[in-house]
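Please look over the model below. A short briefing on selected elements follows.

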Amino acid sequence: MTTSSSMAFIHNVCSASFTHAFRTRTLVATTIISSQKHNNLSTAATTPTPTPTLTLKPSSSSSSSSSRIQNNDSKVLLGLSEADLQQVALDFGQQGYRGKQLHHLIYQRKIRQVEDFSQLPQAFRKGLQEAGWRVGRSPIHSSVTAADGTIKLLIKLEDNRLIETVGIPVVDEKGPMRLTACVSSQVGCPLRCSFCATGKGGFSRNLQPHEIVEQVLAVEEIFKHRVTNVVFMGMGEPMMNLKSVLEAHRCLNKDIQIGQRMITISTVGVPNTIKRLASHKLQSTLAVSRSE
Ligand code: SF4
């Protein structure tokens with residue numbers, strides 16, 4: 001279970017280089033998000049809480065494969081489950097195992113373009129392209145490396161908007177390197193906390209699930225190392241884009257194989273969202289912070 005102290009550590013390392021929650025937010029509660037009643041958010045956001053237990057539902061809470069594909073108007077492969085990808089393959093007259101290959105190419109090989117799926121038959125690749133399917137990866141616009149090895153990335157989205165992602169490596173006596181990805185959930189932020197540069201810049205839009213997931217893949221590419229932890233502490237307030245955050249959470253856990261307990265959702269406290277989040281019974285950590 002993630003504890004307050006370990007969360008404080010994550011919060012601190014993230015804050016060393018990232019513009020979101022770190023400046024004057026104070027972490028007041030961390031908790032594994034479960035079914036425990038959490039009736040009064042304002043209490044949670046202002047009172048240090050001795051790690052109560054909330055629980056979030058495993059990924060079965062996410063929409064079904066077919067509805068995810070149906071709703072995916074933009075035909076983005078990134079973010080789809082293996083079952084979804086199998087369905088895509090079947091829809092193109094391919095055998096089901098091609099879906100498994102697609103899954104491997106997208107999440108393990110991290111290939112960015114359908115045309116580079118050289119393991120797949122050319123007719124299948126061509127069919128995907130002609131039908132408008134794309135992987136959904138965005139280019140890295142720029143990066144800055146700090147003396148401690150932390151790297152901040154600016155990722156340029158399809159609509160030319162930029163989002164920040166930070167990769168934070170930690171090497172210590174506890175074992176192999178841990179790599180935390182600090183991800184954004186929105187372009188800008190509607191909450192406009194007075195101390196925050198992101199808030200001052202205003203709000204543009206919510207991120208799509210694949211735009212959250214791709215931040216983790218970008219960190220893995222830059223570090224040539226698996227991401228071990230994810231914290232939603234980048235640009236934006238994740239609880240105001242909960243649908244995308246939950247879909248990205250499913251993908252990070254099931255497709256990229258990051259343990260649910262290694263994922264932390266950080267919020268300043270948005271009314272009526274914690275109960276909604278708790279109803280999903282994820283085994284992840286919710287960090288509630290407030291500004292000073
Ligand atoms: S909630 Fe929004 S405005 Fe407030 S610190 Fe986070 S990103 Fe900045």
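Which residue just after helix 6 takes a positive phi? Glycine 132 does, at about 95°.

This is a predicted model, in which local features need pLDDT of at least 70, side-chain atom pairs count only at pLDDT 80 or more, and totals for chains, interfaces and linings use all residues. Residues are numbered from 1 along each chain as its sequence is written, and side-chain values use heavy atoms, leaving out hydrogens and water.

**Helix 6**

- Helix 6 spans residues 122-130; helices are DSSP runs of H or I with at least four residues, strands are runs of E with at least two, and both are numbered from the N terminus.
- Its buried residues are Phe124, Arg125, Gly127 and Leu128 (buried is under 20% relative accessible area, exposed over 50%, with a 1.4 Å probe and protein chains only).
- These residues lie on the same side of helix 6, because they cover an arc of only 160° around the axis (the arc of the directions from the helix axis to the C-beta atoms).
- Exposed Gln122, Ala123 and Glu130 sit on the face turned away from that buried side.
- The buried residues of helix 6 pack against helix 4 (82-91) and helix 5 (97-108) (contact is heavy atoms within 4.5 Å).

**Strand 10**

- Five of the five residues of strand 10 (263-267) are buried, so the strand is largely enclosed by the rest of the structure.
- Ile263, Ile265 and Thr267 are buried on one side, Thr264 and Ser266 on the other.
- Strand 10 pairs with strand 9 (229-232) in the parallel sense over three bridges (pairing takes at least two DSSP bridges).
- Threonine 264 is the bridge partner of valine 231.
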